Amino acid sequence: MHVIVATDGSRQSLAAAKHLKSFADPDKVTDISVVAVIRPLASVAFADDVSDTKGAWPVGSFRDAAESAVASIAAVFDGWGPKVHKRIRSGSAANEIIKAAKQYDAGLVVVAAGGRGLSDSVLVGSTAQRVQHYAPCPVLVVRPQPRKGRKA
């Protein structure tokens, strides 16, 4: 089975990748595509909160930040078994994740429920939800851990 692991460079997407690894059978997962989507003409840079270069300024291009984030997420699966592919796409995040799932005949898509964007609610309401509704395969939406000090 081919699994798509989407990243927006957030810590939540790193947690989602680790969650997949915690329960999936590496003998049944043949390929993992770690996918980042760069939005053309974006006014907000691609965030990279997961690599060793986080906080470095200037970051370079949006593509550099996306490649760094994809490499960090892909490293979660080093030595685990399945072949890992690093993929950068351009366009609408939800649309490109759905297209990747179709293109690679994915058996599962993994997305974080809370990630980057102008606000967490925008991403939760758009990207994860749209992927969940329109992907051609099951979607695992990994919710972030509640913040300390907040009541559920």
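Predicted model: local features only at pLDDT ≥ 70, side-chain atom pairs only at ≥ 80, totals over all residues.
Colleague: Hi! How far apart are the end C-alpha atoms of helix H1?
Modeller: The end C-alpha atoms of H1 (residues 11-23) are 19 Å apart, which agrees with the 18 Å that its 13 residues should span at 1.5 Å a residue. That expected span is 1.5 Å times one less than the number of residues. Helices (H or I, at least four residues) and strands (E, at least two) are DSSP runs, numbered from the N terminus.

Colleague: Which residues of H1 are buried?
Modeller: Ser13, Leu14, Ala16, Ala17 and Leu20. Buried means under 20% relative accessible area, exposed over 50%, partly exposed in between (1.4 Å probe, protein chains only).

Colleague: And what do the buried residues of H1 pack against?
Modeller: Strands S1 (2-7), S4 (108-112) and S5 (139-142), plus helix H2 (62-75); contact means heavy atoms within 4.5 Å. On the other side of H1, Arg11 and Ser22 are exposed.

Colleague: New topic: how many salt bridges does the structure hold?
Modeller: There are 3, each a side-chain nitrogen of Lys or Arg within 4 Å of a carboxyl oxygen of Asp or Glu. Arg89, Glu96 and Lys99 are linked in a network.

Colleague: Is Glu96 buried or exposed?
Modeller: Glu96 is buried, at 9% relative accessible area, while Lys99 is partly exposed at 46%.

Technical notes:
Residues numbered from 1 in each chain as written. Heavy atoms only, no water.
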